[in-house]
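Here's a quick briefing for anyone opening this one for the first time. Have a look at the sequence and the model, then read on.

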Amino acid sequence: MTALLDAEGRAAPGTALARLQERGFVHEILGELKSGKEATVYLGRSPLGPVAVKIYRDAEVRSFKNDQRYLEGRWVGDARLSRAIQRRSGAGREALKAMWAAQEYLVLWEAWRAGLPVPEPLVGPHVSDITMAGEVVLMRFVGDPDAPAPRLSDALLDADEAADAFAQSVAAMKALWRLGLVHGDFSTYNLLWWQGRVTVIDVPQAMRADQPAAREVLAQDAASLVRTFARLGIEADADEVLRTVTAEH
Ligand SMILES: Nc1ncnc2c1ncn2[C@@H]1O[C@H](COP(=O)(O)OP(=O)(O)OP(=O)(O)O)[C@@H](O)[C@H]1O
Ligand SMILES: [Mg+2]
């Protein structure tokens, strides 16, 4: 926490978190929720209630393989920016973190507006606001501040709940596909369980369904969903899941 805020609870001047504080999007950071591979998620207090504050960490730690998909694809059109990112210069690293955050916001907005079970994004949808937020993704917190929603990978579910959670997860995957999106890291590690509802999180790597690799990534998502649900006692077939997700009806 000390690294994020000073004794008065202010973020370092000039940082994206300070901008969000100044503009009243978030009042204070209450604690760290989880430090993952690519970001640290904090619990924050905002005018709208508890918020999850996901701050992308330095791009060094991100897998280069993942970045490459964007660098070579639709994302970086500018050669200088691309080179700065490849070199991992200071500016390049900042750009890359902001790029991942922006991508996460855009996917969250699209999914949220279509009524899918994702956390409500709290900055945007205007691109100028999303740019202002830099590497910080602010979204509705799922759970109680005292008891954050567990991931399905950690949750203790009885057989009926597990079957329900699996059905909701497959339905969410299908709804995303219908929207033209493939999550790209779909497993119980990125599904929260709260009051009998599944929430899909961690969406920055989502890709368009019309990208060449989309079907393959969808198949991988189906396989990891089935594999990770085995711990919850669900025996399912990945091909069957894939058929359900892509079926017209
Ligand atoms: N909106 C939210 N509400 C409650 N908890 C959240 C929310 N978003 C994220 N979390 C918590 O923070 C954790 C990390 O979030 P996320 O998966 O988006 O980041 P990550 O850096 O990819 O983490 P990992 O490497 O563990 O996958 C989640 O597993 C969850 O416990
Ligand atoms: Mg995750």
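Lys-54 is buried, with a relative accessible area of 6%; buried here means under 20% relative accessible area, with a 1.4 Å probe and protein chains only. Keep in mind that this is a predicted model, where local features need pLDDT of at least 70, side-chain atom pairs count only at pLDDT 80 or more, and totals for chains, interfaces and linings use all residues. Residues are numbered from 1 along each chain as its sequence is written, chains are lettered from A and ligands numbered from 1 in written order, and side-chain values use heavy atoms, leaving out hydrogens and water.

**Around Lys-54**

- You'll find Lys-54 in strand E3; strands (E, at least two residues) and helices (H or I, at least four) are DSSP runs, numbered from the N terminus.
- The Lys-54 side chain makes a polar contact with the side chain of Glu-104 at 3.1 Å, and another with the side chain of Asp-202 at 2.9 Å.
- A polar contact is a pair of N or O atoms within 3.5 Å; within protein, one must be able to donate a hydrogen and the other to accept it, and residues adjacent in sequence count only if both atoms are side-chain atoms.
- Leaving aside residues up to four places away in sequence, Lys-54 touches a set of residues including Ala-39, Val-41, Glu-135, Met-139 and Pro-204 (contact means heavy atoms within 4.5 Å).

**The magnesium site**

- Asp-202 also turns up at the magnesium ion (ligand 2), which is coordinated by Asn-190 (OD1) and Asp-202 (OD) at 2.1 to 2.2 Å.
- Asn-190 sits in the loop between strands E7 and E8, and Asp-202 in the loop between strands E9 and E10, twelve residues apart.
- Asn-190 and Asp-202 are both buried.
- Donors are N, O and S atoms within 2.8 Å of the metal (3.2 Å for Na, K and Ca), and water is not among the atoms, so sites may look incomplete.

**Where the two domains meet**

- The domain assignment gives domain 1 (16–147) and domain 2 (159–246), with bounds from an automatic or database assignment.
- Between them, 22 residues of domain 1 are in contact with 20 residues of domain 2.
- Across this interface there are two salt bridges (a side-chain nitrogen of Lys or Arg within 4 Å of a carboxyl oxygen of Asp or Glu).
- On the side of domain 1 that touches domain 2, helix H4 gives the most, with seven residues.

Conventions:
Buried means under 20% relative accessible area, exposed over 50%, partly exposed in between (1.4 Å probe, protein chains only).
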